[in-house]
Amino acid sequence: MSTANQIKKQLRSVIEWENPDSELMFERWTDNGDEIKNASKLIVGPGQGCVFVYQGKIEAVITDEGLTTLATDNIPFWTTVKKVMQAFESEHKVGIYFFRQTQFINLQWGTTSPVKYDDPKYKFPVALGAHGNFSFQITDIKKFFKTVTSTTTSYKVQEVQQILRSKISQPLTDILATAGHSFAEIDKYREELSDELKNKILSILTDLGLGLTDLRIEGTNFDENTMKRINKIADSMADSQVFQNLGINYAQKEQLEALKLAAANEGGLAGMSANFMAGAQMGSLMGNQMNQQTNTSKVDDTASKLQKLKSLFEQGLIDENEFKAKKAEILNSL
């Protein structure tokens, strides 16, 4: 570097974070920023903050917007002359790091792989994916600087998203395993699950100097094998409802299913015979059910007729002999 550029570097008088990328959380000011002259001016804009590192130590964290004067041992020209034998390099190193104090909101997250747990109601393995949004902000800049960004010159929002995606599956698995919610109830309890998940993730980000201000589960989805199991359960429940409406109990339903399978799996004459027998037994079961329904209807009709007959007798419209004769006739018709 020429002497002129070296002198210009030490004559730096105004430092500010101008038009930072919207995705940047943190960035080192690198425009000739190693050697800052004494009494240089630092401008911190709205929603910004600044970490001032001097000779390898964090000397100050500036969180108030406005103009700040920096005090260093770098005196223009004199430092340059003193260090001419050291390639114009001063030991009074300054690092200025800008960061955002504002919230980063409505950022998307999603599980990187399915979360697996056993359905507590139907007793089958479930593989579930989840996605949602979250909001956060830097709450402890010193901790964030020392644990996350001390060896880098910039840090973006996407890197926090990646941390969340890599950490979220295990706590979500623990929550679903202990919550006792069936697969059909997940959406119903989504807000409750979101609050539990937020509390578990909170400590992870706190260790990095970050604060989680919001986290929500927006939706869930099941893998292919889980969907097959769910569809099978749905079909069975629909069939059970149909048989229940027909008055066929579970044992009769299973008998019909076994007969249908036997008929479907046999070939040739044996298959025809099995199919005929299955059809006959199915017909017998259905016929018995229909007969039961018919008999029930017939009994109800007889009772109605007897009530009407009794009413006629009580009103004196028929005598006792007529009442007894008609009553016997109605009962004999059963």
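The model is predicted, so to speak of a local feature takes pLDDT of at least 70 and side-chain atom pairs count only at pLDDT 80 or more, while totals for chains, interfaces and linings use all residues. Residues are numbered from 1 along each chain as its sequence is written, and side-chain values use heavy atoms, with hydrogens and water left out.

**Aromatic pairs**

Searching the whole structure turns up 11 aromatic pairs. Rings of Phe, Tyr and Trp (its six-membered ring) pair if their centres lie within 6.5 Å; planes under 30 degrees apart are stacked, over 60 edge-to-face, and the rest tilted. Here are two of the pairs:

| Pair | Centre distance | Plane angle | Kind |
|---|---|---|---|
| Trp-17 and Phe-98 | 5.7 Å | 20° | stacked |
| Phe-124 and Phe-183 | 5.9 Å | 55° | tilted |

Helices (H or I, at least four residues) and strands (E, at least two) are DSSP runs, numbered from the N terminus. Trp-17 is buried, at 8% relative accessible area, and Phe-98 is buried too, at 0%. Buried means under 20% relative accessible area, exposed over 50%, and partly exposed in between (1.4 Å probe, protein chains only).

Elsewhere, one aromatic cluster is made up of Phe-26, Tyr-97, Phe-144, Phe-145 and Tyr-155.

**Thr-173 in α5**

Helix α5 holds Thr-173, which is buried with a relative accessible area of 18%. Leaving aside residues up to four places away in sequence, Thr-173 touches Val-115 and Lys-116 (contact means heavy atoms within 4.5 Å).

**The cavity**

The whole structure has 1 cavity of 30 Å³ or more. On a 1 Å grid over the protein atoms alone, a cavity is a set of points where a 1.4 Å probe fits but cannot get out, and lining residues have an atom within 4 Å of a point. The largest cavity holds about 50 Å³ of space, a volume being the space filled by probe spheres set on the points.

Among the residues lining the largest cavity are Leu-128, Leu-172, Arg-190 and Thr-220. At least two lining residues come from each of β10, α5, α6 and β12 (210-222). By class, the lining has 7 nonpolar, 1 polar and 1 charged residues; Ala, Val, Leu, Ile, Met, Phe, Trp, Tyr, Cys and Pro count as nonpolar, Asp, Glu, Lys and Arg as charged, and the others, Gly among them, as polar.

Terms used
On a 1 Å grid over the protein atoms alone, a cavity is a set of points where a 1.4 Å probe fits but cannot get out, and a pocket is an open set with protein on both sides within 12 Å along at least five of seven lines; lining residues have an atom within 4 Å of a point.
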